Structures are given as structure tokens and as C-alpha cells.
Amino acid sequence: MKSSRLLSILLLLQTRGRMTAAQLAGELEVSVRTIYRDIESLHVAGVPLYGDAGHFGGYQLLSGYRTRLTGLSAGEAEALFLSGIPGPATELGLGSALAAAQLKMRAALPPELRTQAERMQSRFHLDAPGWYAEDDDVPHLPQVADAVWHSRVLDIRYRRWKEPTDVDRRLEPYGLVLKAGRWYIVAGPGPRTYRVDQILELVVRDEKFQPPGDFDLATYWQRYQTDFHARLYRGEAVVRLSPRAASRLTGAAARALTDTGTAEPDGWTRAVLPIESLDHAHGVFLALGADIEVLGPPDLRARLAETSRALAARYATA
């Protein structure tokens, strides 16, 4: 544990430059006293590390010093190779950079770790998009990513689902999110979320912006997903499901089955499932055929009954 922390201190100082004991303690979630002991251990080990006192003081490495990747554990090396997803990296314009980085990492790793990392890469492949989703055409993604990285304002022409469909927007791009194979940009003012594949035209301004100091992309995205599902599922349906229908549920419906499902004597399960609308629920539940019985709401049950009668009449005369 201590050796891993010592390596982390070296890498932090190597990548960020001067840092105070308090900053290092906060980054590594240990006490300042522990950092002082670790710094002393690094001195004893011969690491060219020095510190300055005062308001602008802190610790830093002697100019030109670099540590090697010999401190990586087998699991860490494997995780680094597994984290390199070539598809999204290529879409961002970083495909060649990713390949070069992995090549350099291979050269720096000890032989035994190199073998394990390459074995991990040969045995696991990450494919983010869903089975039935076509790849989005995202020609503007590299420009959006560059604007995110360099905090540059964007002027875009954007296609949305409601009228007027094509609108002009000035965006301050805070971050990019890849969700189920689809790229989203989170941007101010707001912030709001936009699909990158719906950007029709794009101009990168020379104007720069500063993201809000309290903005956290991961926190925003989690809250956005929660709000999205709350807006999406505005109703509920009381249903009875056969074991086969229950096994076919996914997402919010599967979670609701776990939370609300109660077993009935005939082996079926009674549950309350979220629905987007009567039209959407009609199509989804109809696909489950005779393995589902909708008990409510009455309008949905009536529509399914009407459809069932129409189907029975059609096939009876075939």
C-alpha cells in the first residue's frame, strides 16, 4: 500500500509540478503527516525531490527526473490496456495517439507485466453500442472534442425533434459523454445536453470561456439521466406476467418488476411497471403476446383487447 502511494506521489509531481503536502494529502486521501513520512522515504530512496517553504512553496522533482512504469501491478497494467477502446478514440481523432501510447507502455513495462497486459487485450473486447443501433454519423466530433479541451465557444446549427427543427445555438462546451454508442455534448448556458450527431453545421470561435467552478461532468450526467427517466415514464401499468415475459423485461421495467413484483398461485407475477404513454405501452406489451395480462389502466387494457379481437378475426379468416 505504501509503495503504491509513493509511486502515486512521484507521478503526481511529475505530471502536475509543484504541490504542497496538503494538496498531496487531499489527492491521496491521507493525512498531511503521512505525506511528510512518505516524502522522507523518497529522500532516503535517493529520489531527487526538494521542497520550498512559504506561501508559494511545495514539493517538486528535480528538473528532468522521470520515473518508469515499473511500479504498476499486474492488475493495473491489464486495466490500462483494457481501457483503450479503439472505436471512440478513433471517432475523437485520437486513434493514432492511442496506438502510440500503448506501444510506449509496452516498451516501458517489465516483460512479465507486458505479457499479462497483452493477454488481457487479446481476450477482452469492448463494444459499446447496442445490437440494433446503427453507428451515428458524427463528422463534427473531433472539432467538438477540441473545443471542449481548449474551452472554445461553438456556433452550431442543430436539428431537434420539435418545431422549429433547425435552430442556431451558441454553446460553451463543458464536456463529452459517450452513452450506449452515442455521443452527447454537455454545454452552457444551462447547462443543457445535445446529441453530437444532430449538429448540422459548426464554427469554432476564437472566443474562450471558463466552465463554472462547481461543475462536475459525472455528477451532472447522473442527475440528467435520473431526470430523463422521470420525464420519460409518466404513467404506470398494473400487469400479470408469465415467467417467460418476466425474463424478457429490461431496464426500468425489470427494476420495477424486482421492486413491486409479487408471486401469484399460478406461477405468474403481478407488478406495477412504468410506461411512457398508452401508445408506447400498447406496442411493448403487445409484443409479449399471451404472456402478459394488463389489468390497468382501463384505457390500455381496452386498446389491447380491441387489437387482440382484430388479430383473432384476421387470422380466423385466413
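Rings of Phe, Tyr and Trp (for Trp, its six-membered ring) pair here if their centres lie within 6.5 Å; planes under 30 degrees apart count as stacked, over 60 as edge-to-face and the rest as tilted. Keep that rule at hand for the first stop.

This is a predicted model, in which local features need pLDDT of at least 70 and side-chain atom pairs count only at pLDDT 80 or more, while totals for chains, interfaces and linings use all residues. Residues are numbered from 1 along each chain as its sequence is written, and side-chain values use heavy atoms, with hydrogens and water left out.

**Stop 1: the aromatic cluster**

Select Tyr174, Tyr184, Phe209, Phe215, Tyr220, Trp221, Tyr224 and Phe228. Together they form one aromatic cluster. The count of aromatic pairs comes to 8.

Start with Phe215 and Tyr220. This pair is tilted, at 5.9 Å centre to centre and 45° between the planes. Now colour by accessibility. Buried means under 20% relative accessible area, exposed over 50%, and partly exposed in between (1.4 Å probe, protein chains only). Phe215 is partly exposed at 22%. Tyr220 is buried at 9%.

Move on to Tyr224 and Phe228. Their ring centres are 6.5 Å apart and their planes are at 25°, so this pair is stacked. Both residues sit in helix 9 (residues 217-232), 4 residues apart, which separates them by about one helical turn. Helices (H or I, at least four residues) and strands (E, at least two) are DSSP runs numbered from the N terminus. Tyr224 is partly exposed at 23% relative accessibility. Phe228 is partly exposed too, at 36%.

**Stop 2: the whole chain**

Zoom out and switch to cartoon. The protein chain has 13 helices and 11 strands. Of its 318 residues, 32% are buried.

Contact means heavy atoms within 4.5 Å. Among contacts with a separation of 6 or more, 59% join residues 24 or more positions apart.

**Stop 3: helices 2 and 3**

Select residues 21-28 and 32-44. These are helix 2 and helix 3. Their axes come within 8 Å and cross at roughly 105°. That makes helix 2 roughly perpendicular to helix 3. The angle classes are: under 35 degrees roughly parallel, over 145 roughly antiparallel, 65 to 115 roughly perpendicular, and the rest oblique. Axes are lines fitted to C-alpha atoms, for helices over the stretch in contact, with angles from 0 to 180 degrees between N-to-C directions.

Show side chains at the crossing. Helix 2 contributes Ala21, Ala22, Leu24, Ala25 and Leu28, and helix 3 contributes Val32, Ile35 and Tyr36.

Stay in helix 3 and pick Thr34. Thr34 is buried at 13% relative accessibility. Draw a C-alpha to C-alpha distance from Thr34 to Ala21: it reads 9.3 Å, for residues 13 apart in sequence. The Thr34 side chain also makes a polar contact with the side chain of Ser31, at 2.9 Å. A polar contact is a pair of N or O atoms within 3.5 Å; within protein, one must be able to donate a hydrogen and the other to accept it, and residues adjacent in sequence count only if both atoms are side-chain atoms.

**Stop 4: Gln60**

Select Gln60 in strand 2 (residues 58-61). Gln60 is buried at 17% relative accessibility. Its side chain makes a polar contact of 2.6 Å with the side chain of Arg18. Leaving aside neighbours within four places in sequence, Gln60 is in contact with Arg18, Pro48, Leu49 and Tyr50.

**Stop 5: backbone exceptions**

Most residues other than glycine have a negative phi, and most peptide bonds are trans.

- Pro189 lies in the loop between strand 5 (182-188) and strand 6 (192-195).
- Gly190 to Pro191: a cis bond again, with omega about -5°. Pro191 lies in the loop between strand 5 and strand 6.
- Glu29: phi is positive, near 60°. Find Glu29 in the loop between helix 2 and helix 3. Glu29 is exposed, at 74%.
- Ser151: phi is positive at about 55°. Ser151 is in the loop between helix 8 (141-150) and strand 3 (152-159). Ser151 is buried, at 17%.
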